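Subject: Structure handover, pockets

Hi,

Here is the structure for you to open alongside this note. My findings on its pockets follow below.

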Amino acid sequence: MPTTPPAPSTIRTLPSWLLGRAAARGRGLVAEALGQEGLKMWHHVVLAAVADLGPVAQAELGRSVLLDPKDMVGVLNDLQAGGFVDRAPDPKDRRKNAITITAEGKRLLARCTRAAERANGELLAPLSADERARFLEMLTRISGVTEDGAS
């Protein structure tokens, strides 16, 4: 991973700057790991959301992951072409599409979950197990994300 040029001394001590650098490094590690499975980050996010929410209306899925509807269509097209999700008329409202994860999608998601966990393990490798637990607890508190994943 390329190194970042040093920031000015008044910037590099700001928690917001440090969190941004850590996030960028983490995204890079996870993106590389997912790439080995043939997925991009948004594919992984959407596939995981379909597994959690499915069957789910396409519009609701986009709202749940905060993805623009135009971008959602492209991601779903890719996932459907790969055989990882099915898109069919929603039986409750035939004007809408319902998205479900396929058996192959579940297998891919499991592989990607393991890959993302390994990448995050690499990110947090400098920390002891106790430090990791404390760091994640503090990061969860300051991120505004709740136990159920809502923010």
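Start with the largest pocket. Its lining is made up of 25 residues. Nearest its centre lie Ala23, Asn120, Leu123, Leu136 and Leu139. Please keep in mind that this is a predicted model.

The volume of the largest pocket comes to about 910 Å³.

Which helices build that lining? At least two residues each come from α1 (15-35), α2 (41-53), α5 (103-123) and α6 (129-143). The biggest share belongs to α1, which puts nine residues into the lining of the largest pocket.

- 18 residues are nonpolar.
- Six are polar.
- One is charged.

Now the second largest pocket. It holds about 180 Å³ of space. Its lining consists of Val45, Ala48, Ala49, Asp52, Leu53, Ser64 and Val65.

By class, the lining of the second largest pocket has five nonpolar residues, one polar and one charged.

One link between the two sites is worth a look on screen.

If you colour by helix, begin with α1 for the largest pocket, where it gives the most to the lining.

Best wishes

Key:
Residues numbered from 1 in each chain as written. Predicted model: local features only at pLDDT ≥ 70, side-chain atom pairs only at ≥ 80, totals over all residues. Heavy atoms only, no water. 1 Å grid on protein atoms, 1.4 Å probe; cavity = no way out; pocket = protein on both sides within 12 Å on 5 of 7 lines; lining within 4 Å. Points joined across faces, edges and corners; volume = space filled by probe spheres on them. Helix = DSSP H or I, 4+ residues; strand = E, 2+ residues; numbered from the N terminus. Nonpolar A, V, L, I, M, F, W, Y, C, P; charged D, E, K, R; others polar.
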